[in-house]
Amino acid sequence: MSILVNFLSQSIQFLYNITRTLGVPNYGLAIILFTILVKVILFPLTYRQLRSMKRLQELQPKIQELQKKYKGNPQKAQQAMMELYQKEGVNPLGGCLPLLVQMPILFALFTALRTFFDPVHHPAYVELAHANFLWISNLGQPDPYILPILVALGTYFQQKVSMVSSNQDQTQRTMLFVMPLVIGWMSRSFSAGLSLYWVTFSLMGILEQWLIRRQPQLVKEEISAK
């Protein structure tokens, strides 16, 4: 983990140096550029996630039939569904892959930013004079109000546009509202830099979903190729 933390710190500093070369030295801009870069790298996984979600949605009638057929035997129903997934070439956990890949980045970024902007223990190459961003005086300190609201809104809308169908069950509808509130509340104790990363990541995710849905034939081609 320490290697990843150091790599992220160096990456942010590298992107900061780019902003300085452009004449707008700012670590907030560097974090935004870093987030865009991460999102671009993860795009193939996100694309696969959308394909998996669409295929699972298409298989729902067959899944419901199996659940009714083996209503009194949950183990047999689970086995039948796994056989269906294997036959159709669908990974039911495929939608979780981008999140699983991003978790180490989030934890490492949380650790990196905790010392990156520290007034006393920050790395020698960090220029704290440029650690402010918009209304934020120091990206290493929490923003208890505005950014948490943006985090919650960004999380909500990203979940909303990621839904393949509007016919969601009660659990999914509940999580659509509960998850953004929980993450928004937690972000009150995050460094502003991490919250900025989260907001930017959510906005990029919304744009990404919109662009993919504008080209549905690509998704159909990928599915038919299976």
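## A tour in questions

Visitor: Is Y27 buried or exposed?
Guide: The relative accessible area of Y27 is 0%. Under 20% counts as buried, over 50% as exposed, and in between as partly exposed (1.4 Å probe, protein chains only). With 0%, Y27 is therefore buried.

Visitor: What kind of model is this?
Guide: Residues are numbered from 1 along each chain as its sequence is written, and side-chain values use heavy atoms, leaving out hydrogens and water. Local features need pLDDT of at least 70, side-chain atom pairs count only at pLDDT 80 or more, and totals for chains, interfaces and linings use all residues, for this is a predicted model.

Visitor: How many helices does the chain have?
Guide: Helices (H or I, at least four residues) and strands (E, at least two) are DSSP runs, numbered from the N terminus. Along the sequence the pattern is α-α-α-α-α-α-α-α-α. There are zero strands, and the number of helices is nine.

Visitor: How many residues are in the largest nonpolar core?
Guide: A nonpolar core is a set of buried Ala, Val, Leu, Ile, Met, Phe, Trp, Tyr and Cys residues joined through side-chain atoms within 4.5 Å. In the largest one, I12, Y27, F34, L109, F117, L139 and Y197 have the most contacts inside the core, whose residue count is 35. Two or more residues each come from α1 (2-21), α2 (27-58), α5 (97-116), α6 (146-162) and α8 (192-213). Another core lies apart from it, with 11 residues that include L56, I63, A77 and V90, while the largest core has 35.

Visitor: Are the rings of Y27 and F117 stacked or edge-to-face?
Guide: Rings of Phe, Tyr and Trp (its six-membered ring) pair if their centres lie within 6.5 Å; planes under 30 degrees apart are stacked, over 60 edge-to-face, and the rest tilted. The whole structure holds 10 aromatic pairs. Here the centres are 5.4 Å apart and the planes stand at 80°, so the pair is edge-to-face.

Visitor: How many residues apart in sequence are the parts that Y27 and F117 tie together?
Guide: F117 is buried too, at 1% relative accessibility. Y27 belongs to helix α2, whereas F117 belongs to the loop between α5 and α6, so the sequence distance between the parts they tie together is 90 residues.

Visitor: How many residues apart in sequence are the parts joined by F34 and Y197?
Guide: The F34 and Y197 rings have centres 6.1 Å apart and planes at 40°, so the pair is tilted. F34 lies in helix α2 and Y197 in helix α8, so the parts they tie together are apart in sequence by 163 residues.

Visitor: Which residue has its charged end over the ring of W185?
Guide: A charge sits over a ring if NZ of Lys or CZ of Arg is within 6 Å of the ring centre and within 35 degrees of the ring normal. Over the W185 ring, 4.5 Å from its centre, sits the charged end of R188.

Visitor: In which helix is S195 found?
Guide: S195 is buried, with 1% relative accessible area. Contact means heavy atoms within 4.5 Å, and, leaving aside neighbours within four places in sequence, S195 is in contact with L147, V151, S187 and F190. The helix that holds S195 is α8.
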